[in-house]
Number of protein chains: 2
Amino acid sequence: MKFIAEIDIMPHKELLDPQGKTVAKNMKNVDIEGVADVRIGKHVMLTIDAEDEASAKEKVEAACERILVNAIMEKYTYTLSSEE
Amino acid sequence: MKFIAEIDIMPHKELLDPQGKTVAKNMKNVDIEGVADVRIGKHVMLTIDAEDEASAKEKVEAACERILVNAIMEKYTYTLSSEE
């Protein structure tokens with residue numbers, strides 16, 4: 001079966017996000033008011049061949065932990081859907 | 001009212017995503033099999049002060065078009081939720 005995993009990888013809340021802060025500061029320069037905070041992370045889409053959902057989940061978590069996410073600075077959340 | 005916008009910014013389907021391709025190729029090196037494709041984009045979280053949902057939406061779309069998204073190479077989707 002084919003699964004699609006949509007992963008969001010964001011900097012921990014406790015950490016400064018200089019990229020986000022810079023974008024937030026510049027909102028006024030492009031005439032946008034009312035943006036109180038910006039945080040920028042990564043969005044990763046995986047297409048996975050796996051036997052079942054449990055095995056697909058395992059692969060997603062392994063991929064996050066081994067290659068995609070720096071756990072010291074980032075946390076991740078994901079959704080998994082099967083593609084017929 | 002306070003709104004949280006969760007924005008996904010991804011490279012267009014038609015475009016190569018060299019960062020994603022590199023990660024996909026390396027999945028085998030960290031003992032993960034079955035990952036057919038990887039695409040990498042950005043995830044942006046905006047905290048917005050706005051009078052109502054329509055005005056918050058307007059701000060999100062303005063922010064995407066004016067500063068966050070390069071429409072030539074990327075497309076965006078977002079969800080908006082109000083924070084009580």
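This is a predicted model: local features need pLDDT of at least 70, side-chain atom pairs count only at pLDDT 80 or more; totals for chains, interfaces and linings use all residues.
1. A quick definition to start with: a residue is called buried under 20% relative accessible area, exposed over 50%, and partly exposed in between.

2. What does the side chain of A:K2 meet in a salt bridge? The partner is A:E83, and the N to O distance is 4.0 Å. A:K2 sits in strand β1 (residues 2-11) of chain A and A:E83 in strand β3 (residues 74-83) of chain A, so this pair ties together parts that are 81 residues apart in sequence. A:E83 is partly exposed too, its relative accessible area being 39%.

3. A:K2 also has a place in the sheet pairing of chain A. There, β1(A) and β2(A) run in the antiparallel sense and pair over 8 bridges. Within β2(A), the residue that A:K2 stands opposite is A:D49.

4. Next, have a look at A:D37. Its side chain meets that of A:K21 in a salt bridge, at 3.7 Å from N to O. Here a strand is linked to a helix: A:D37 lies in strand β2 of chain A and A:K21 in helix α1 (residues 18-26) of chain A, so the pair ties together parts 16 residues apart in sequence.

5. Chain B has a salt bridge between B:K21 and B:D37, whose side chains meet at 3.6 Å, N to O. B:K21 belongs to helix α1 of chain B and B:D37 to strand β2 of chain B, so parts that are 16 residues apart in sequence are tied together by this pair. Both ends are partly exposed: B:K21 has 37% relative accessibility, and B:D37 has a relative accessible area of 23%. Over all chains, the salt-bridge count comes to 4.

6. Now for the place where the chains meet. How many residues does the contact take from chain B and from chain A? It takes 31 residues from chain B and 31 residues from chain A. The area buried between the two chains is about 2,600 Å², and carbon and sulfur atoms give 65% of it.

7. What about polar links across this interface? The rule finds 0 salt bridges between chain B and chain A. Polar contacts do turn up, though: 16 residue pairs, with both residues at pLDDT 80 or more. On the chain B side, β1 (2-11), α1 (18-26), β2 (35-49) and α2 (53-68) each supply at least two of the residues that touch chain A. The largest share comes from β2(B), with 15 residues. Sorted by class, the side of chain B that touches chain A has 17 nonpolar, 5 polar and 9 charged residues.

8. One last thing to look up in the 3D view is the strand pairing between the chains. Strand β2 (residues 35-49) of chain A and β2(B) pair in the antiparallel sense over 13 bridges. A:D37 comes back here: this residue stands opposite B:T47 in β2(B).

How values were computed:
Residues are numbered from 1 along each chain as its sequence is written. Chains are lettered from A and ligands numbered from 1 in the order in which they are written. Side-chain values use heavy atoms; hydrogens and water are left out. Contact means heavy atoms within 4.5 Å. Buried area is the accessible area (1.4 Å probe) that two parts lose on being put together, summed over both. A polar contact is a pair of N or O atoms within 3.5 Å; within protein, one must be able to donate a hydrogen and the other to accept it, and residues adjacent in sequence count only if both atoms are side-chain atoms. Helices (H or I, at least four residues) and strands (E, at least two) are DSSP runs, numbered from the N terminus. Ala, Val, Leu, Ile, Met, Phe, Trp, Tyr, Cys and Pro count as nonpolar, Asp, Glu, Lys and Arg as charged, and the others, Gly among them, as polar. Two strands pair if DSSP finds at least two bridges between them. Buried means under 20% relative accessible area, exposed over 50%, partly exposed in between (1.4 Å probe, protein chains only).
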